Amino acid sequence: MELYSIDWSPWVRKVRIAAIERGNDSNIKLIPADIGFADKTLKIIESNLSTLNPSGRVPTLITEDGQSIYDSTVIVHYLDNIGKEIPIIPKDNNKKITCLKINALVDEVIDSLRHISLENRREENTRLPDWLEALDKKIRRGIEVIESNIDFLSSPNTKVLNLADISTIILIGTIRRNPSSQYNIFSDELNDWYKEMNVRGSVSETIPPSL
């Protein structure tokens, strides 16, 4: 299998952690993708990835039979059906729904962080303060909800991380990628949990580069 990726993408990291936890990582070759925006501009970089994924985004997984699978959560679903390890997405319906909710919320928060970054690339007099304020509130609400679900997260010595664990890890990692981020506002309890999780191979091996 081939995984089109960029090393700083939180969504690629979600898939990579899941693959390691499921024992599928040795069967996946990482393919660097040149996507996004040109440095310090809003000009989109042209890429042939769009021939495999209409959105032109990572992660995009090419399976052994040539099928193209995209969206990080869809890829995790696919990996959950390979091998015999405990699934990343729990079979128990209540746990599954909670995992998917936290995952969806984290995706929204990370997307809001991305939009803030893009908006701040614009000339200051053309930025939309109401839009920035709305994004800020969404991020802070999301973090509050994740904090309220801390008892749902697995212990650091759990056999296989679930989707809620992985999503929380990539959110904290994304925010900490920028040491000056105003959103590094997690509780001591959640920070301690993250610190313990960082010693797991799947987490330590996928830490993205700093800004």
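The residues that line the second largest pocket of this predicted model divide into 4 nonpolar, 3 polar and 5 charged. The pocket holds about 260 Å³ of space. Its lining consists of Trp11, Asn53, Ser55, Arg57, Val58, Pro59, Tyr70, Asp71, Ser72, Asp107, Glu108 and Asp111. Helix H3 gives the most to this lining, with 3 residues.

The model also holds 1 cavity of 30 Å³ or more. The volume of the largest cavity is about 40 Å³, and its lining is formed by Asp7, Trp8, Ser9, Pro10, Arg13, Ile170, Thr174, Thr206 and Pro208. Two elements, H1 and helix H5 (163–176), each give two or more residues to that lining.

**Packing of H1 and H3**

Two packed helices are described by the angle between their axes and the distance between the axes. For helix H1 (residues 10–22) and helix H3 (residues 93–119), the axes come within 11 Å and cross at roughly 150°. Angles over 145 degrees count as roughly antiparallel, and H1 and H3 are therefore roughly antiparallel to each other. On the H1 side, the contact is made by Pro10, Trp11 and Lys14; on the H3 side, it is made by Asn103, Asp107, Ile110 and Asp111. By class, these contact residues comprise 3 nonpolar, 1 polar and 3 charged. Trp11, Asp107 and Asp111 belong to this contact and also to the lining of the second largest pocket. Pro10 takes part in the contact and also lines the largest cavity.

**The sheet and the helices across it**

Four strands form an open sheet in the order S2-S1-S3-S4, with mixed pairing. Strand S2 (29–32) and strand S4 (68–70) stand at the edges and have a single partner strand each, so one side of each is left without a neighbour in the sheet. On average, and with direction ignored, neighbouring strands are turned by 25° against each other.

Strand S3 (residues 60–62) pairs with S4 in the antiparallel sense over 3 bridges. Within this part of the sheet, Ile62 has Ser68 of S4 as its bridge partner.

Two helices lie across strands of the sheet. H1 lies across strand S1 (2–5) and S2, and runs at about 150° to S1. Helix H2 (residues 72–79) lies across S1, S3 and S4, and runs at about 125° to S4.

Note on methods. Residues are numbered from 1 along each chain as its sequence is written. This is a predicted model: local features need pLDDT of at least 70, side-chain atom pairs count only at pLDDT 80 or more; totals for chains, interfaces and linings use all residues. Side-chain values use heavy atoms; hydrogens and water are left out. Axes are lines fitted to C-alpha atoms, for helices over the stretch in contact, and angles run from 0 to 180 degrees between N-to-C directions. Angles under 35 degrees count as roughly parallel, over 145 as roughly antiparallel, 65 to 115 as roughly perpendicular and the rest as oblique. Contact means heavy atoms within 4.5 Å. Ala, Val, Leu, Ile, Met, Phe, Trp, Tyr, Cys and Pro count as nonpolar, Asp, Glu, Lys and Arg as charged, and the others, Gly among them, as polar. On a 1 Å grid over the protein atoms alone, a cavity is a set of points where a 1.4 Å probe fits but cannot get out, and a pocket is an open set with protein on both sides within 12 Å along at least five of seven lines; lining residues have an atom within 4 Å of a point. Grid points are joined across faces, edges and corners, and a volume is the space filled by probe spheres set on the points. Two strands pair if DSSP finds at least two bridges between them.
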